[in-house]
Amino acid sequence: MLALSVTDIKDFMNQLLIGETFDHFSLIEASIVTFNTFTIDGKLQKDFFDTDTLEAFTENAMEYSLWHDVKPFCFSVIRGKRTPVSFKIVFRLPLKKMQVMLEQAIPDLPSDALGGLYLNLQYKNKMLLCTTGLSFRSFLPDKRPEQFWDSVVSDFLHKHEISFEQM
């Protein structure tokens with residue numbers, strides 16, 4: 001697990017809420033505290049969608065909304081003159097992307113070993129923390145998936161010129 005403190009919060013928030021930097025992540029959950037607590041469960045409610053859309057979700061193994069689709073709602077809650085009291089956002093790399101990346105990086109890893117690659121964002125007390133996480137479907141003594149995901153996230157942040165300090 002990698003724990004990072006974002007040093008330029010304003011730039012990060014612009015990339016998170018206005019830019020496209022995080023748009024390809026699935027939103028697992030978000031909780032934003034301003035004058036109320038706003039909570040979003042990112043799980044797709046399949047009864048809401050038509051058959052064609054459901055087929056596309058199934059084909060792409062989508063269980064959760066993409067950040068791109070939920071971002072405007074979060075932006076509307078956060079924007080304003082006052083900084084939120086706190087927020088927590090849990091992203092997951094979409095499963096198909098995860099499988100492709102892991103097959104290329106660690107070809108001998110069983111394809112069903114991992115349940116997800118996560119990026120957790122937490123803002124509180126004027127600090128913004130990013131932590132990585134993995135979910136395992138079974139015990140795996142191999143640390144390569146964790147090291148790989150930590151490296152991917154670190155490279156991702158560098159690529160998007162997001163400044164941070166490792167904790």
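Student: Why does Ser-65 count as buried?

Tutor: Its relative accessibility is 16%, and buried means under 20% relative accessible area, with exposed over 50% and partly exposed in between (1.4 Å probe, protein chains only). Ser-65 therefore counts as buried. This is a predicted model, in which local features need pLDDT of at least 70 and side-chain atom pairs pLDDT 80 or more, while totals for chains, interfaces and linings use all residues. Residues are numbered from 1 along each chain as its sequence is written, and side-chain values use heavy atoms, with hydrogens and water left out.

Student: Where is Ser-65 found, and which residues does Ser-65 touch?

Tutor: Ser-65 belongs to the loop between α2 and α3 (67-78); helices (H or I, at least four residues) and strands (E, at least two) are DSSP runs, numbered from the N terminus. Contact means heavy atoms within 4.5 Å. Leaving aside residues up to four places away in sequence, Ser-65 touches Phe-25, Ser-26, Leu-27, Gly-42, Leu-44 and Val-70.

Student: What makes Glu-161 exposed?

Tutor: The relative accessible area of Glu-161 is 68%, which lies over the limit for exposed, so Glu-161 is exposed. Glu-161 is in the loop between α5 (144-159) and β7 (164-166). Not counting residues up to four places away in sequence, Glu-161 touches Asp-11 and Gln-15. Glu-161 and Asp-11 are 150 residues apart in sequence, with 9.2 Å from C-alpha to C-alpha.

Student: Why is the pair of Phe-22 and Phe-91 called stacked?

Tutor: A pair of aromatic rings is described by the distance of the centres and the angle of the planes. Rings of Phe, Tyr and Trp (its six-membered ring) pair if their centres lie within 6.5 Å; planes under 30 degrees apart count as stacked, over 60 as edge-to-face and the rest as tilted. By this rule the count comes to ten aromatic pairs. For Phe-22 and Phe-91, the centres are 5.8 Å apart and the planes 15 degrees, so the pair is stacked. Phe-22 lies in the loop between α1 (9-17) and β2 (26-33) and Phe-91 in strand β4 (residues 86-92), so the pair links distant parts of the chain, 69 residues apart. Phe-22 is buried at 0% relative accessibility, and Phe-91 is buried at 0%.

Student: Why is the charged end of Lys-43 said to sit over the ring of Tyr-64?

Tutor: A charge sits over a ring if NZ of Lys or CZ of Arg is within 6 Å of the ring centre and within 35 degrees of the ring normal. The charged end of Lys-43 is 5.3 Å from the centre of the Tyr-64 ring and sits over this ring.
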